[in-house]
Amino acid sequence: MKNKISFLFTILILLSCSKDRDDEIVELTGDYEISDFIWKGLNEFYYWQESVTLLADSIDDNKNTYTKLISENSDPNPFFNSLLSPKDRFSIIVDDYVELQNTLQGIVASNGMEFGLSFQCSDCEEVFGFVKYVHPDSDAFNKNIKRGDLFTHINGIKLNRNNYRELLYGDALVYEISLSVYENGVFNLTEDKIELIKEENFQKNPIHVNKIINYESNSIGYLMYNQFLSDYNDELNEVFSNFKSGNITDLILDLRYNGGGSVSNCVVLSSLITGQFTGEVFSKQNWNSKLNDYWNSRNPDQLINKFVSSLSTGESLNSLNLQSIYIITSNQSASASELLINGLDSHIQVIQVGDTTVGKNVASITIHDYIDNDGNKNPNHTYAMQPIVLAIENSAGFSDYQDGLEPDHFIKEVSYNLGTLGSISEPLLLNTINIISGSGRLDINPENPFGEIIYDSHMKNNQRLIIETDIFKLQK
């Protein structure tokens, strides 16, 4: 049985929808063909379409006006950016939709090392890297790279403000890191030089840690979940089966490294946490006025995401029926992570521990340049867009968190005291457990001796909230 909320939406932009427009204008080929695709896609689906003058419906009513606009904008990237609202922080365009689709599915070129970069001091240019975690079965994992490892050189070159992007994210799939230790206020190189090799289609498993922690009278389920991927619904259900059979009294959901992903997967996870709200509203969508009118006149239920009791396969969820949950966040928690917090907050008690989240209350879809009603893509280019198409709110109508969701207990993760993920001594987990047990927060972080964090490997993948549904045809 297919879930009502199963929104797998790579939306078709059907040229048949705007065929009359194409008949009126001169033939647009090459880069103009891409710009034509960009304008029509954003005019149809972009959330802020009505407030962007260059996306007004009236522009393509006149063949000369429209042709002039396209012919003056042959470069796809600047043209795309010129059509975005000043409010938009998240829409992107790519020249390789295969790479985009792989990224959305957690498939990327990776050596398995997730890291941050920070200045070595508050007034210097030198940079050091610190390992945040390592993906199992990756090259970094097999070479014994561990959370908390420090590195200052790539291929023998000292990292600084100006060279770190090229050294870490150039075209090469192989680079060598030189490990360092921080002693007496300085970084000293060790003898460890490790060559790391990126696997081009590495599948990241979002379920990084799951375990049951017995602490005093509490049996606490702990799940670190790092990306919302609908392909992992079965694995999530199995994790919750273990939590359920273990009779956990509390649940800690760690989203500190989760930048978002699939709405349908978010709803499944929320339904696993609860279970007592099946069929009730989890969240509601607000598109631009054209698409709101379309949905409301044809299928208004498509604007609502509801709690579910089973997977799309028909398998029942191992729901916990919890009345409260503890969620760990950071300034990288975004999109579907924030949707889960906000969606649950109007139903159960959500205790948020950590840092303020990113503040992404809007969602995107993938728009391809389709040339017919059968889903065939334009063979002349590989561009695709991932624009913001809607804002999303919880069942109480709240969606005003553009500045992020603030934690109930503010605790920042720091590079100089990371601890081991899943260990009871790890600072954020320990503090959360103490909040659960009533012991209170522990001030366990020493003064920061370093400069600001300037980069994180998670930033390379833009925070996204992906709406998924069946392919459908929009008809004017």
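User: Happy to look at this predicted model with you. Is Cys266 buried or exposed, and at what relative accessibility?

Analyst: Good place to start! The cut-off for buried is under 20% relative accessible area. Cys266 falls below that cut-off and so counts as buried, its relative accessibility being 0%.

User: Which cysteines form the disulfide, and how far apart are their sulfur atoms?

Analyst: The structure holds 1 disulfide. Its partners are Cys121 and Cys124, and the distance between their sulfur atoms is 2.3 Å.

User: Let's turn to the rings. Why is the pair of Tyr133 and Tyr257 put in its class, and which class is that?

Analyst: The structure holds 20 aromatic pairs, this one among them. A pair of rings is described by the distance of the centres and the angle of the planes. For Tyr133 and Tyr257 the centres are 5.2 Å apart and the planes stand at 20°, so the pair is stacked.

User: How many residues apart are Tyr133 and Tyr257, and where does each one sit?

Analyst: Both of these tyrosines, Tyr133 and Tyr257, are buried. Tyr133 belongs to strand S4 (residues 127-134), while Tyr257 is in the loop between strand S12 (250-254) and strand S13 (260-262). The pair thus links distant parts of the chain, with a separation of 124 residues.

User: Which ring does the charged end of Lys377 sit over, and which one does Lys360 sit over?

Analyst: The charged end of Lys360 is placed over Phe90, 5.0 Å from the ring centre. For Lys377, the distance to the ring centre is 5.4 Å, and the ring is that of Tyr97.

User: Which strands lie at the edges of the open sheet?

Analyst: The sheet has 6 strands in the order S10-S11-S12-S16-S17-S22, with mixed pairing. An edge strand here pairs on one side only, and that holds for strand S10 (207-215) and strand S22 (409-410).

User: What is the bridge partner of Val353 in S22?

Analyst: Strand S17 (residues 349-354) and S22 run parallel and are joined by 2 bridges. In S22, Val353 has as its bridge partner His409.

User: Which helix lies across this sheet's strands, and at about what angle to S16?

Analyst: Helix H12 (residues 427-437) lies across S10, S11, S12, S16, S17 and S22. Relative to strand S16 (324-329), helix H12 runs at about 155°.

User: Last one: how far apart in space are Val186 and Gln120?

Analyst: Val186 is in strand S8 (residues 186-197) and is partly exposed, with a relative accessible area of 42%. In sequence, Val186 and Gln120 are 66 residues apart. In space, C-alpha to C-alpha, the distance between Val186 and Gln120 is 8.5 Å.

Definitions and conventions: Residues numbered from 1 in each chain as written. Predicted model: local features only at pLDDT ≥ 70, side-chain atom pairs only at ≥ 80, totals over all residues. Heavy atoms only, no water. Phe/Tyr/Trp six-rings, centres within 6.5 Å; stacked < 30°, edge-to-face > 60°. Helix = DSSP H or I, 4+ residues; strand = E, 2+ residues; numbered from the N terminus. Buried < 20%, exposed > 50% of the residue type's maximum accessible area, 1.4 Å probe, protein only. Lys NZ or Arg CZ within 6 Å of the ring centre and 35° of its normal. Pairing = 2+ DSSP bridges. Contact = heavy atoms within 4.5 Å. Axes fitted to C-alpha atoms, helices over the stretch in contact; angles between N-to-C directions. Disulfide = S-S within 2.5 Å.
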